[in-house]
Amino acid sequence: MALLNDEKIDFEGTVLELLEKEGINKENIVVLVNSEILKRELWSERKIKKEDYIEVVSFVGGG
Amino acid sequence: MSFLIGGKEINSRLFIGTGKLPSYEMIKSIIEYSQIDVVTVAVRRIGKGNTWGNIIDYIPKETILMINTSGARDYKEAVKIAQIGRELTKSDWIKVEIEADTKYLLPDNEETIKASEILVKEGFKVFPYITPDLIVAKKLESIGVSAVMPLGSPIGTNKGIAAKELIKPIIKEIKVPVIIDAGLGRPSHAAEAMEMGADACLINTAIATSNDPIKMTKAFKMAVDAGRSAYEIGVLQEKDYADASSPLTGFLRGV
């Protein structure tokens, strides 16, 4: 099963479809697939595979 | 007066960290009220539904974003965070912050040198946060960092420039700007850092956790400017004996 930010997900489809299903605001985020940055233009092409580790990151306050 | 850092000409020698603020909404007021040019932000995984809101939406476009790599435990993670930061903002200003220990949050200078070397080669403007060590600072300078950022005392401790005697030689010997980062709890600490010849101060906790972050930023800004002016004029040396301010002649006859 694939993981999204450490949560198991049972999902078939592309990264873009996953973001939409999860209701994630797509502005100002970066998606990592297996610790590599997945360029925004590839979100709609990259299909999620069984062992994928997806991370969605953004900015927060920090010193 | 403006100064050059990271290839940009800026005015404010006070840099602000945005962690621990009571709300993201006040960031704009903080920046505008004290005319801040540089703020730091961190990269984290988002929660479900992206409910944290996005801090970038609250920061004016002309403000320089310095992405910190906090959360990185080694140089590889720091490099990854820097790349994510650049992907998100197109900002190439990176504060390299690598801590393996969470009790004192002391930076890992060795990993920081490794990360800085890679990031400079990748074209980033690198601002390494270090435990004050002249030799480390020299190595970083030769790598081509944009500044060095020694800590005054551990993050969030408000103890001021506890590492004063280790920071002095860095200020004296290092030609790139020296930014005192971490531990400065009061405006007087920031003024002291600037009087010593630091080029800038980065403040987070002392402002963000104060009762009024907007006004406290101003207090720090005035202190930074006052300290800088004194440094440029030339701070006087301490003396062991009194040196009268009023003339020692023309006294009245004793009664």
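Me: Which residues does Asn28(A) touch, not counting residues up to four places away in sequence?
Reply: Keep in mind that this is a predicted model. Asn28(A) is found in the loop between helix 1 (15-22) and strand 3 (30-33) of chain A. Its contacts, leaving out residues up to four places away in sequence, are with Ser58(A), Phe59(A), Asn54(B), Ile56(B) and Leu88(B).

Me: Is Asn28(A) buried, exposed or partly exposed?
Reply: Count the C-beta neighbours inside 10 Å: Asn28(A) has 16. Buried needs 20 or more, and exposed needs 12 or fewer. The count of 16 therefore makes Asn28(A) partly exposed.

Me: Which residue is the bridge partner of Ser58(A) in strand 4 of chain B?
Reply: Start with the strands. Strand 5 of chain A and strand 4 (residues 38-45) of chain B run antiparallel and are joined by five bridges. In strand 4 of chain B, Ser58(A) has as its bridge partner Arg44(B).

Me: Are helix 1 of chain B and helix 8 of chain B roughly parallel or roughly antiparallel?
Reply: The axes of helix 1 (residues 26-34) of chain B and helix 8 of chain B come within 9 Å and cross at roughly 30°. Angles under 35 degrees count as roughly parallel. The two helices, helix 1 and helix 8 of chain B, are therefore roughly parallel.

Me: How do the residues of the contact of helix 1 of chain B with helix 8 of chain B divide by class?
Reply: From helix 1 of chain B come Met26(B), Ser29(B), Ile30(B), Tyr33(B) and Ser34(B); they meet Pro213(B), Ile214(B), Thr217(B), Lys218(B) and Lys221(B) in helix 8 of chain B. The residues of this contact divide into five nonpolar, three polar and two charged.

Me: What is the angle class of helix 2 of chain B with helix 3 of chain B?
Reply: Helix 2 (residues 75-89) of chain B packs on helix 3 (residues 109-121) of chain B at about 40°, with axes 8 Å apart. That angle makes the class of helix 2 of chain B to helix 3 of chain B oblique.

Me: Which residue of strand 7 of chain B stands opposite Trp93(B)?
Reply: Strand 6 (residues 93-96) of chain B pairs with strand 7 of chain B in the parallel sense, over four bridges. Strand 7 (residues 125-130) of chain B is mostly covered, with six of its six residues buried. The residue of strand 7 of chain B opposite Trp93(B) is Lys125(B).

Me: Is Arg253(B) buried or exposed?
Reply: Arg253(B) lies in the segment after helix 8 (213-233) of chain B. Its C-alpha atom is separated by 61 Å from that of Ser29(B), 224 residues apart along the chain. Arg253(B) has 4 other C-beta atoms within 10 Å, so the residue is exposed.

How values were computed:
Residues numbered from 1 in each chain as written. Chains lettered and ligands numbered in written order. Predicted model: local features only at pLDDT ≥ 70, side-chain atom pairs only at ≥ 80, totals over all residues. Pairing = 2+ DSSP bridges. Axes fitted to C-alpha atoms, helices over the stretch in contact; angles between N-to-C directions. Parallel < 35°, antiparallel > 145°, perpendicular 65-115°, else oblique. Contact = placed C-beta atoms within 7 Å. Nonpolar A, V, L, I, M, F, W, Y, C, P; charged D, E, K, R; others polar.
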